[in-house]
Amino acid sequence: MSFWAYMLHCRGGVFYTGHTDNLEARLAQHQSGLTPGFTRKYTPVTLVWSQAFPSRLEALEAERRIKGWSRAKKLALIRSDWAAISTLAKSKNGPSTSSGRTVKSKAPGPKIG
């Protein structure tokens, strides 16, 4: 069974990052606006990035890591611009667009990409 970390582009230009074990069903939930939560007030939503992981823990770690990224770094991930992601990871010049729910893991996480 695969688990997914994913990013949505929502109305107003905001990004939502999550994880799931059924990407198609979860996307339908977000798009319907019937599920309470962040994306409900920002529909419509569009899937802009996703990656499969072998375990729920790895998908959750990727979600939490990405939530802490700057908007520029998230846009680079969407474009698969690994050079920009690397450069942005080395510079900590601006504030993050994190949801504030980012948790640092002591164990090394999965490689995004």
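**View A. Y6, a buried ring.** With a relative accessible area of 2%, Y6 counts as buried (buried means under 20% relative accessible area, exposed over 50%, and partly exposed in between, using a 1.4 Å probe and protein chains only). Welcome to a predicted model, in which local features need pLDDT of at least 70, side-chain atom pairs count only at pLDDT 80 or more, and totals for chains, interfaces and linings use all residues. Residues are numbered from 1 along each chain as its sequence is written, and side-chain values use heavy atoms, with hydrogens and water left out.

**View B. Aromatic rings that pair up.** A pair of aromatic rings is described by the distance of the centres and the angle of the planes. Rings of Phe, Tyr and Trp (its six-membered ring) pair if their centres lie within 6.5 Å; planes under 30 degrees apart count as stacked, over 60 as edge-to-face and the rest as tilted. How many aromatic pairs does a search of the whole structure find? The search finds three. One of them is the tilted pair of Y6 and Y16, with 6.2 Å centre to centre and 45° between the planes. Y6 lies in strand 1 and Y16 in strand 2, so this pair ties together parts that are 10 residues apart in sequence (strands are DSSP runs of E, at least two residues, and helices are runs of H or I, at least four, numbered from the N terminus). Y16 is buried too, at 16% relative accessibility. Y16 also forms a stacked pair with F38, at 5.9 Å centre to centre and 20° between the planes. That pair links distant parts of the chain, since F38 sits in the loop between helix 1 and strand 3, 22 residues from Y16. F38 is partly exposed, at 38%. Ring pairs link Y6, Y16, F38 and Y42 into a cluster.

View C. The strands form an open sheet in the order 2-1-3, with antiparallel pairing (two strands pair if DSSP finds at least two bridges between them). Strand 2 (15-20) and strand 3 (45-53) are at the edges with a single partner strand each, so one side of each has no neighbour in the sheet. Six bridges join strand 1 (residues 3-10) to strand 2, and W4 stands opposite T20 in strand 2.

View D. Leaving aside residues up to four places away in sequence, H30 touches Y6, L8, Y16, T39, T43 and V45 (contact means heavy atoms within 4.5 Å).

View E. L47 is found in strand 3 and counts as partly exposed, at 30% relative accessibility. L47 and L8 are 39 residues apart in sequence, yet 4.5 Å apart in space, C-alpha to C-alpha. Not counting residues up to four places away in sequence, L47 touches Y6, M7, L8, L23 and L27.

**View F. Two nonpolar cores.** A nonpolar core is a set of buried Ala, Val, Leu, Ile, Met, Phe, Trp, Tyr and Cys residues joined through side-chain atoms within 4.5 Å. Which of the 14 residues in the largest nonpolar core touch the most other members? They are M7, W49, I66 and L77. Strand 1, strand 3, helix 2 (56-67), helix 3 and helix 4 (82-90) each give two or more residues to this core. Another core, of seven residues, lies apart from it, and Y6, L23, L27 and V45 are among its members.
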